[in-house]
Amino acid sequence: MPQVKVKNKSTLAQRIDTALNTVGWILIPDYEPDLEGAALGEAYRALCEEVGVPIGHDRAGTIIWDIKSRDAGSDGNKVITYSEHNHEADLHTDSQYSEYPEDYFGLLTLHKARCGGGESYLLSLEDLLRELSSTAAGREAIEVLQTTNYPFIVPNVFRKKTGDEPEFNFGPILRKGEIRFRIDTFEKALTINPDLCTPRQLSAFNLLKKYVRSSPSMKTFVLEDRDLIFINNKTMLHGRGSFSDADRHLLRIRMNKTR
Ligand SMILES: [Fe+2]
């Protein structure tokens, strides 16, 4: 699909663009305090159109995605996304199961969790690689993660086909300056078919997982109402604490870079 270059970005869009391509994220507090409902959504979407090229979340091409917990039921076979439940979300990148995960995404908090949970976690690939490459085992793991294909199971809501047949996508976890990573979709894929990975791949993954879960560089903070955060989905891992407030509500827009 042809992508249109935005010639004159607003100052805010330029700030976001610079941050996404340097530190990997930016927080804009108190976004558009005078707008509500559809007008707020339109302003948010217009800003994202300056930052990149918004892309759809589902088969219908929905650009603005509501992040609200819903009853996931007790069906352990269903693969659901972190945007659909309220449990702890391990550090991950979005759309790691897709052929081309989005470059960036924005999250606008309409209603933060009032229960004290739902805090945000961020960890940069730069910090993770620095920590991992400090040991010989870590450097060996990086080599395997860069040069072999790992399976990721596609969540039900994003499957291209209908029916119960699991769908997988394969790719390296690390590419030049980029990461795609989510623990449960990888481990679910292996539960279905343990032959999808070699023992060497599995031990590299497990070492990466250990570093991700114990990194001293992870940042933790709380998104307030009207906080708008943009995250580079290729250079940052993000996560979220569990929460019980059923009214927690965020709006996500995914974007690719304007090329
Ligand atoms: Fe996510």
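Start with the loop between β11 (219–221) and β12 (228–232), where Arg-226 sits. Helices (H or I, at least four residues) and strands (E, at least two) are DSSP runs, numbered from the N terminus. Arg-226 has a phi near 75°, a positive value in a residue other than glycine. Is Arg-226 buried or exposed? Buried, with a relative accessible area of 14%. Buried means under 20% relative accessible area, exposed means over 50%, and partly exposed is in between, with a 1.4 Å probe and protein chains only.

Now some ground rules. This is a predicted model: local features need pLDDT of at least 70, side-chain atom pairs count only at pLDDT 80 or more, and totals for chains, interfaces and linings use all residues. Residues are numbered from 1 along each chain as its sequence is written, and side-chain values use heavy atoms, with hydrogens and water left out.

Next, confidence. pLDDT is the predictor's confidence in each residue, from 0 to 100. The chain averages 90, and 91% of the residues score at least 70. Where does pLDDT stay under 50? Over residues 71–77, for which the model has three contacts beyond four places in sequence. Contact here means heavy atoms within 4.5 Å. Where pLDDT is low, the predicted coordinates should not be read in detail.

Back to loops. Glu-32 also has a positive phi, near 40°, in a residue other than glycine. Glu-32 lies between β1 (25–28) and α2 (37–51). At 33% relative accessibility, Glu-32 is partly exposed.

Now the metal. Which residues coordinate the iron ion? His-92 through NE2, Asp-94 through OD, and His-238 through NE2, at 2.1 to 2.2 Å. Donors are N, O and S atoms within 2.8 Å of the metal (3.2 Å for Na, K and Ca); water is not among the atoms, so sites may look incomplete. Along the chain, the donors follow the spacing H-x1-D-x143-H.

His-92 is buried, with a relative accessible area of 4%. Asp-94 is buried too, at 7%. Asp-94 sits in the loop between β4 and β5. The side chains of Asp-94 and His-92 make a polar contact of 3.2 Å. A polar contact is a pair of N or O atoms within 3.5 Å; within protein, one must be able to donate a hydrogen and the other to accept it, and residues adjacent in sequence count only if both atoms are side-chain atoms. Not counting residues up to four places away in sequence, Asp-94 touches several residues, among them Glu-102, His-238 and Arg-254.

That brings us to Glu-102. Glu-102 lies in the loop between β4 (89–92) and β5 (104–111). At 2% relative accessibility, Glu-102 is buried. What joins the side chains of Glu-102 and Arg-254? A polar contact of 2.6 Å. Beyond four places in sequence, Glu-102 touches residues including Ile-55, Asn-233 and Met-255.

On to the helices. In α1 (residues 11–20), the buried residues are Ala-13, Ile-16, Ala-19 and Leu-20. They cover an arc of only 130° around the axis, so they are on the same side of α1. The arc is that of the directions from the helix axis to the C-beta atoms. What do the buried residues of α1 pack against? They pack against β1, α2, β5 and β12.

Helix α3 (residues 125–132) has its own buried set: Leu-125, Asp-127, Leu-128, Glu-131 and Leu-132. They cover an arc of only 160° around the axis, so they are on the same side of α3.

One of that set, Glu-131, meets Ser-217. The two side chains make a polar contact of 2.5 Å. Ser-217 lies in the loop between α6 (199–214) and β11. At 16% relative accessibility, Ser-217 is buried. Ser-217 and Leu-123 are 94 residues apart in sequence, yet 6.5 Å apart in space, C-alpha to C-alpha. Leaving aside neighbours within four places in sequence, the contacts of Ser-217 include Leu-122, Asp-127 and Arg-130.

Last item: cysteines. Cys-115 is partly exposed at 36% relative accessibility, whereas Cys-197 is buried at 11%. Thanks, everyone.
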